[in-house]
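Please keep the sequence and the 3D view at hand while reading.

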Amino acid sequence: CGFMFSAIFSAQQLSNGSSAAIYGMLGVETVDIFQTWQLIPNKCGTIFNLFIKLAIFLGIGTLPYIDNFAHVGGFLGGVVVGIWLLPYIVFGTIDGIRKQILQVSFALALVVAIIVLLYTFYNDS
């Protein structure tokens, strides 16, 4: 998703590398923290650590010749894939049903997002 964002929103700038995948891993880490929130002993420290990482990495993206669209797209793709594919700890029947609904809806959202991004990329004049 990250490089599709980059190709659509900054089409005049070439970019390559693994930055979109690294931001995708940060997105998955964000989802993991919120999914296991009840089991984290130091909640404030964990959230502070995550926000510092995101602020530094997104701040680096504001430098010239750094493609921040790939970073944001990779992060959003990581969040969607993390909600879809990460294993869940279920804390009850209602919680299990809620998490299954989340998984199905985010799987559909990912498919729709990829179709829309590809359509936009190939049909943009």
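The points below are grouped by topic, from the overall fold to single residues.

The structure is a predicted model. The protein contains five helices and zero strands, and the order of its elements from the N terminus is α-α-α-α-α. Of its 125 residues, 30% count as buried.

**Overall dimensions and surface**

- The C-alpha trace of the protein spans about 50 × 30 × 15 Å along its principal axes.
- The accessible surface of the protein amounts to about 8100 Å², and carbon and sulfur atoms contribute 73% of that surface.
- Among the contacts in the protein with a separation of 6 or more, 67% are between residues 24 or more positions apart.
- The protein carries 4 positive and 5 negative side chains, and the centres of these two sets are 15 Å apart.

- Helix 4 covers residues 68-85 and has 18 residues. At 1.5 Å a residue this helix should span 26 Å, and its end C-alpha atoms are 25 Å apart, which agrees.
- The buried residues of helix 4 are A70, H71, G73, G74, G77, G78, V79, V80, G82 and I83.
- Helix 5 covers residues 93-123 and has 31 residues. From its first C-alpha to its last, helix 5 reaches 45 Å, close to the 45 Å expected at 1.5 Å a residue.
- The buried residues of helix 5 are D95, G96, K99, A107, L110 and L117.
- An α-helix has 3.6 residues a turn, so residues three or four places apart point the same way.

**Aromatic pairs**

- How many aromatic pairs does the structure hold? There are two aromatic pairs in the structure.
- The ring centres of Y23 and F57 lie 6.1 Å apart and the ring planes are at 70 degrees, so this pair is edge-to-face. The cut-off for that description is an angle over 60 degrees.
- Y23 belongs to helix 2 (residues 19-35) and F57 to helix 3 (residues 43-60), so the pair ties together parts that are 34 residues apart in sequence.
- Y23 counts as buried, at 5% relative accessibility, whereas F57 is partly exposed, with a relative accessible area of 30%.
- The rings of F34 and W37 have centres 6.0 Å apart and planes at 20 degrees, so this pair is stacked. Stacking requires planes under 30 degrees apart.
- W37 counts as partly exposed, at 30% relative accessibility.

- Q35 is found in helix 2. Is Q35 buried or exposed? Q35 has a relative accessible area of 13% and is therefore buried, since the cut-off for buried is under 20%.
- Apart from neighbours within four places in sequence, Q35 is in contact with G82, I83, L86, P87, Y88 and K99.

**M4 and its contacts**

- M4 lies in helix 1 (residues 2-9).
- Which residues does M4 contact, leaving aside its neighbours within four places in sequence? M4 is in contact with I114, L117 and L118.
- M4 and E29 are 25 residues apart along the chain, and their C-alpha atoms are separated by 21 Å.

Note on methods. Residues numbered from 1 in each chain as written. Predicted model: local features only at pLDDT ≥ 70, side-chain atom pairs only at ≥ 80, totals over all residues. Heavy atoms only, no water. Helix = DSSP H or I, 4+ residues; strand = E, 2+ residues; numbered from the N terminus. Buried < 20%, exposed > 50% of the residue type's maximum accessible area, 1.4 Å probe, protein only. Contact = heavy atoms within 4.5 Å. Areas by Shrake-Rupley, 256 points an atom, 1.4 Å probe, with all protein chains shown as cover. Lys, Arg positive; Asp, Glu negative; His and termini not counted. Charge placed at Lys NZ, Arg CZ, Asp CG, Glu CD. Expected span 1.5 Å × (residues − 1). Phe/Tyr/Trp six-rings, centres within 6.5 Å; stacked < 30°, edge-to-face > 60°.
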